[in-house]
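Subject: Structure handover

Hello,

Here is the complex for you to look over. My notes follow below it.

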Amino acid sequence: MDLSEFLAVFFEECYEGLGVMESGLLQLDAGCTDAEAINTIFRAAHSIKGGSATFGLNEIPQFTHVLEALLDQMRDGRRAVTRDAIDLLLESVDCLREMVDGTKAGTELNAERIAAAQRRLENMLSTADSALEPITHPTIKEESPGDKSNLSCWQIFFRPHAHMLQSGNDPYRLFRELATLGHLQVEADLSSLPSCSEIEPETCYLAWNLWLEGELAREQILEIFQWVEGDCDLEVKKVEEHAGEPEAEVGSEVQGEGQAQTPIETSSSPIPNARGHKNERASAGQDTGSIRVSIEKIDVLINLVGELVITQSMLNRFGEDFEQPQVNELRDGLIQLTRNTRELQEAAMHIRMLPIGASFNRFPRLVRDLGNKLGKKVELSVSGENTELDKTVLEKIGDPLVHLVRNALDHGIEAPEVRKAAGKPETGLLQLCAYHQGGNIVIEVRDDGAGLNREKILRKAQEQGLLSANDTVGEEQVQNLIFQPGFSTAEKLSDISGRGVGMDVVRKNINDLGGHVQIRSEEGKGSTLTIRLPLTLAILEGQLVRVGTETYVVPLTSIVESLQVEPTRVSPIAQRIELYKLRDEYISIIRLAQAFHGHSHALDRGQLVVVEADNRRVGLSVDEMLGQQQVVIKSLETNFQQIKGVSGATILGDGRVALILDIPGLIQGCIDRSLTQIAA
Amino acid sequence: MSSILAVDDSASMRKMVSFTLEQAGFEVVQASDGQEALRVAGGKAVGLVLTDVHMPGMDGIELIKALRALPDYRHTPILTLTTESSAEKKAQAKTAGATGWIVKPFTPAKLIGTIKMLLG
Amino acid sequence: MTAKAHSNDVTMQAKAETHQYLTFLLAGEEYGVDILSVQEIRGCSSVTPIPTTPEYVLGVINLRGTVVPIVDLRKRFGLAAAQFGATTVFVVVRAIGLDRHRTMGMVVDAVLDVYNISPDEVKPAPDVGNALDHDFVTGLATVDDKMLILLDIDWVMNSSINEPLQTH
């Protein structure tokens, strides 16, 4: 029988259970006596053990058994909840999670690590009084009987106790089972039967003598009676001579029904059409009234909504060109359609959205472990866990967040003595918060640690050739230098975060999601990292621009302003680099026509669209500003490849493809070019 | 009546049991905890109840006691699905009125065989 | 006989079945592609050019909501350029490019017919140093006294795509 369908659900349940265990353990303080809390953790472990055993997974039940035993002791009060115990259990949960990962992926498990962890658990277990009960072996018991050599004859005396029937155990069922083992003869013993008026229908007054002949062993007989052990008097005797019928009166004879009663063989034929249901059954009994839906279905829905947006914008365009009177109704209809579509789209987007709490969940553990490791005292405060964002963004923001938190703990928050000397409380505060702001989600990582050291950064920047000694740089710009590649002012490169590979990769990852990250810091007081992310990846608000004969889309969120070019403000400073004086600052100009099509055009006949990414501004020179609209992002990479300066494509109302500009990429490219030019 | 009530807070276990028994021709209804099981059992009399022991809220033992108190379920076969090999849990279940138990892990064959044997 | 053509020859013989080929006209020559890779035939539509791509990648089109690249085979094979004519169409194929399936359109002068060709009718392309890059060709076949150049569509697909760029 193919269990793989259920395995997928089972693995999900394992992860949920592990999560319950971990958060339960984190909330258990040393000295806790809340039996229910411990019970919850125990149940989760028990569930994982049982399920994994049933699904035939090998190492997991064994390991979980020991874990469970320890928890069992705690919930019974036989063992105190100590910090050591919690730490060990947390570590074991990690180990178990790895085992589940490995089993799910089909990769080899780290046997050494598992054995070591198991030993530690067993050691702790053995320090209490109760010994470890042997685990029910995960191997499936064979159905074939043990000693099957000879024909044997057994005499069985069976008297159920009065109440045996009330457990739903029926003597005749037992006899049917016995009859499958061989030839059975039954004789009823009516001696205890009271008079009719005294008979209670649910009480058993009968006893039986049975004779069973066949190739069987005692264990098989006892196994049949195992459920009623204690509810009956049972004697099983082997009769030495098996020749001849017993002399006693023969009562009713239960004919063995031959092989008809044998347990059904495991089906070897494939289960037909068993696919497709695993994600569709409503999980019964959940309070929130939610259902599990596969992500593919949601993506189909989102695609359809995207198509609807395109169709609607096509109709809109169509509607704009008409002048006749009836068209008013058409226009009203279109306005209504636009509103409906937008609402539908937002609703569809919301389906994909999940609370950021899912990502924040890992941090209590991380902060605790890392704090311990670094010898720092840190308190973590989390807010805004219910702020929702797109599932994909959520998944991808995890690693960058981890890096930022690690950084804050490693370089931000100081050691307790240092803090004390500085007049700060010994325990540092790390705050994670999330909120919505203007169509974006904002995530802040704030610490009250040492902050950025301006001198160190400036020195490093000069070392790296990013700045010269007499450059005047604003505070913000100094601080955001930490996002440059290879930039780490850590004295010692700790293996935790300091290799200088981190911050620029973090920024790139956030940029790839269409967001940005900034740092604001005050030396001695602390730092705040602010990440801004779009709520959705599939649709963006775009400004259409014309460059030559082609239309491009500039993400609206990246546009600072747009203006008519004043030629007097343009100053070429080197070959192919031009600057524009925008009020007090000089910004580079990117001539899109040149960059994309290879021909230049007169600057002054077009517009300059000032765009910004990561605090850097650049002016894009375009021929004409067209309309603003929502565009559905289509991938260029699905059938083709990634193109520098282009983040994707979209389909306009007229059915043509327009490319979406990758603003951070263009700006970075511009900087790279100017640096090489300056260097050259 | 060959319908079976499968009670387990683990969805994967429920589904597996349910699938296995449906393949063998039984009708299966599911419940994810004791309360729900009682509701289901009260609504439509089933021929056999299969329940996990450790469940949040009302556990398996409590469920068995509650079922036995219902007139329709005085003699219905009730089996526990358990990893417990300790005599204590089995005794508790029996005292509560369980017919018997099936130990995890079990093969589909064993499950079907046991059920068929009980339901005739 | 080049090694590649030889191995293709052997593979095709091993299959021992006829294949169907869609044939089209390109700069006076007839070419054929395995019909199983042809998804559809589209009339010409405006193509959005993509910066920093080779000249033979004309750009992308909208194929019912998906963005699909269009390759100009004349430019790809180094043949004489020409304007789009009345019969010029895009042959949209689906093939393996960089180890997954991708859709791509090719500009051809005109679509001709569908032929059944059996492996033994296919001969390896001679190594005469002609304009046609050998790797594109799986073999030559003769149908109705005409020479048919059989295209290796996976090769065309793969060679038209570059590895994703490292943008940072």
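A definition before the notes: two strands count as paired if DSSP finds at least two bridges between them. Keep it in mind for the sheets below. The model is predicted.

**Confidence**

The predictor gives the complex an ipTM of 0.81 and a pTM of 0.51. Chain C averages a pLDDT of 80, and 82% of its residues score at least 70.

**The three chains**

Chain A has 680 residues, and 33% of them are buried. Its secondary structure comes to 18 helices and 22 strands. Take the contacts in chain A between residues at least 6 apart in sequence: 69% of them join residues at least 24 apart.

Chain B has 120 residues, of which 56% count as buried. It has five helices and five strands. Along the sequence they follow the pattern β-α-β-α-β-α-β-α-β-α. Of the contacts in chain B with a separation of 6 or more, 60% come from residues 24 or more positions apart.

Chain C has 168 residues, and 35% of those count as buried. It holds three helices and eleven strands. Read along the sequence, the pattern is α-β-β-β-β-β-α-β-β-β-β-β-β-α. Residues 24 or more positions apart make up 58% of the chain C contacts with a separation of 6 or more.

**A four-stranded sheet in chain A**

Start with the open sheet of four strands in chain A. The order is β2-β3-β1-β4, and the pairing is antiparallel. β2 (183-189) and β4 (232-239) of chain A are the edge strands, each pairing on one side only. Direction ignored, neighbouring strands of this sheet are turned by 15° against each other on average.

Seven bridges join β2(A) to strand β3 (residues 207-214) of chain A, in the antiparallel sense. One pair to find on screen: A:Asp189 has A:Ala207, in β3(A), as its bridge partner.

Helix α6 (residues 171-179) of chain A packs on this sheet. The helix touches β1 (152-160), β2 and β3 of chain A. Its direction makes about 155° with that of β2(A).

Which residues of α6(A) are buried? They are A:Pro171, A:Leu174, A:Glu177, A:Leu178 and A:Ala179. Note that A:Glu177 is on that list. The cover over these residues includes β1, β2, β3 and α7 (218-224) of chain A. Chain B takes part as well, with α5 (108-119).

**A six-stranded sheet in chain C**

Chain C has an open sheet of six strands, in the order β8-β1-β2-β11-β10-β9. Here the pairing is mixed. The edge strands are β8 (110-117) and β9 (122-123) of chain C, and each pairs on one side only.

β9(C) and strand β10 (residues 137-143) of chain C run antiparallel, joined by two bridges. In β10(C), C:Leu140 is the bridge partner of C:Lys123.

**Where chain C meets chain A**

How many residues does each chain bring to this contact? Chain C gives 23 residues and chain A gives 25. On the chain C side, β4 (57-63), β5 (66-72) and β7 (100-108) each supply at least two residues. The largest share, four residues, comes from β5(C). By class, the side of chain C that touches chain A has twelve nonpolar, ten polar and one charged residues.

**Nonpolar cores**

In soluble globular proteins, nonpolar side chains tend to be buried together. The largest nonpolar core in this model has 80 residues. Those with the most contacts inside it are A:Leu620, A:Leu661, C:Val60 and C:Met106. A second, separate core has 70 residues, including A:Leu28, A:Ile48, A:Met99 and B:Leu118.

Back to the largest core and C:Met106. Leaving aside neighbours within four places in sequence, C:Met106 is in contact with C:Val71, C:Leu73, C:Phe90, C:Val91 and C:Val93.

Best wishes

Notes:
Residues are numbered from 1 along each chain as its sequence is written. Chains are lettered from A and ligands numbered from 1 in the order in which they are written. A residue is buried if 20 or more other C-beta atoms lie within 10 Å of its own, exposed if 12 or fewer, and partly exposed in between; C-beta atoms are placed from the backbone. Two residues are in contact if their C-beta atoms, placed from the backbone, lie within 7 Å. pLDDT is the predictor's confidence in each residue, from 0 to 100. A nonpolar core is a set of buried Ala, Val, Leu, Ile, Met, Phe, Trp, Tyr and Cys residues joined through C-beta atoms within 7 Å. Axes are lines fitted to C-alpha atoms, for helices over the stretch in contact, and angles run from 0 to 180 degrees between N-to-C directions. Ala, Val, Leu, Ile, Met, Phe, Trp, Tyr, Cys and Pro count as nonpolar, Asp, Glu, Lys and Arg as charged, and the others, Gly among them, as polar.
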